[in-house]
Amino acid sequence: MSTMYVLQGNTLDPHIGPHFKIPAASLSIFDTLSVIIWVPVYDRILVPFVRRITGRERGFTQLTRMGIGLVISIFAMVAAGVLEVVRLHIIHRDNLYDSKDYIPMSIFWQVQQYFLVGAAEVFTFIGQLEFFYDQAPDAMRSMCSALSLTTVALGNYLSTLLVTIVTDITTKNGKLGWIPDNLNRGHLDYFFWLLAILSFINFLVYLLIAKWYTYKKTADDLEQEKTSDGFDKD
């Protein structure tokens with residue numbers, strides 16, 4: 001989001017009215033707005049609805065919540081890829097391959113993919129922090145919560161490695177590659193499709209690992225069991 005989305009946005013029309021332009025990097029505010037919107041929607045609407053179905057206090061389990069976020073992240077990559085296909089179609093139609101001007105397409109078409117990223121963060125990152133805190137041994141909760149944040153750093157390193165590999169492979173034999181300096185002659189859409197495929201594979205691996213996991217019973221779970229036993233005896 002902080003790299004390829006911005007590169008894509010730099011080619012789109014950033015004008016709001018005749019005098020104001022919004023920088024492409026500023027569109028990440030819609031990621032933040034998405035989180036602000038989704039948190040109360042999740043707590044006030046989704047959790048009570050799912051609670052009535054599952055009978056769990058939190059509605060979704062933590063692993064289910066993270067899985068939903070991973071699925072949403074796939075759609076975020078698909079949305080970015082579709083937008084790039086449309087952008088390249090406009091470039092081909094109007095022969096704008098070497099144009100220095102903005103593409104006649106509003107930058108606000110990117111809002112959808114930022115909004116999906118925000119929704120994915122609400123489900124995945126918050127669920128991840130809850131999981132690491134609740135399921136860790138009492139003496140290791142702070143360390144495990146910090147450990148969950150290292151996944152973000154590892155993800156950034158892997159993203160850098162992925163871009164390097166893609167660039168090396170796609171620029172062989174003098175080709176421009178998928179992500180050239182002039183994106184109008186590249187295929188950034190292929191990179192987004194690759195990310196969508198990798199995200200889907202990642203989700204499948206996650207399902208296998210999550211299936212093996214057995215939840216540690218928390219104090220709330222034990223208290224709920226005692227209450228249930230008391231009602232059963234009555």
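Which residues have the most contacts inside the largest nonpolar core? They are Y5, M77, I103, F191 and F192, in a core of 28 residues. A nonpolar core here is a set of buried Ala, Val, Leu, Ile, Met, Phe, Trp, Tyr and Cys residues joined through side-chain atoms within 4.5 Å, where buried means under 20% relative accessible area with a 1.4 Å probe, counting protein chains only. At least two residues of this core come from each of α1 (4-9), α3, β4 (103-106), α4 (111-135), α5 (141-170) and α6 (188-212). The top contributor is α3, with seven residues.

A word on the basis of these values is in order. The model is predicted, so local features need pLDDT of at least 70 and side-chain atom pairs count only at pLDDT 80 or more, while totals for chains, interfaces and linings use all residues. Residues are numbered from 1 along each chain as its sequence is written, and side-chain values use heavy atoms, with hydrogens and water left out.

The chain holds seven helices and four strands, taken as DSSP runs (H or I of at least four residues for helices, E of at least two for strands) and numbered from the N terminus. Read from the N terminus, the order of elements is α-β-β-β-α-α-β-α-α-α-α. The C-alpha trace spans about 80 × 45 × 30 Å along its principal axes. The radius of gyration of the chain is 22 Å, whereas a compact globule of 234 residues would have one near 17 Å; this quantity is taken over C-alpha atoms, and the globule rule is 2.2 Å times the number of residues to the power 0.38. Of the 234 residues, 35% count as buried.

An unreviewed UniProt entry carries the annotation "transmembrane region" for residues 20-42, 63-91, 111-133, 145-170 and 190-209; such annotations may be inferred rather than shown by experiment. Two of these segments make a handy pair to inspect. Residues 111-133 are 100% helix and 0% strand, with end C-alpha atoms 32 Å apart. Residues 20-42 are 61% helix and 9% strand, and their end C-alpha atoms lie 35 Å apart.

Two residues are worth a visit in the viewer. M77 is in contact (heavy atoms within 4.5 Å) with Y5, F192, L195, A196 and S199, leaving aside neighbours within four places in sequence. R65, found in helix α3 (residues 62-94), counts as buried because its relative accessibility is 6%. Beyond residues up to four places away in sequence, R65 touches Y42, F60, V122, F123, T124, I126, G127 and E130.

How values were computed. Buried < 20%, exposed > 50% of the residue type's maximum accessible area, 1.4 Å probe, protein only.
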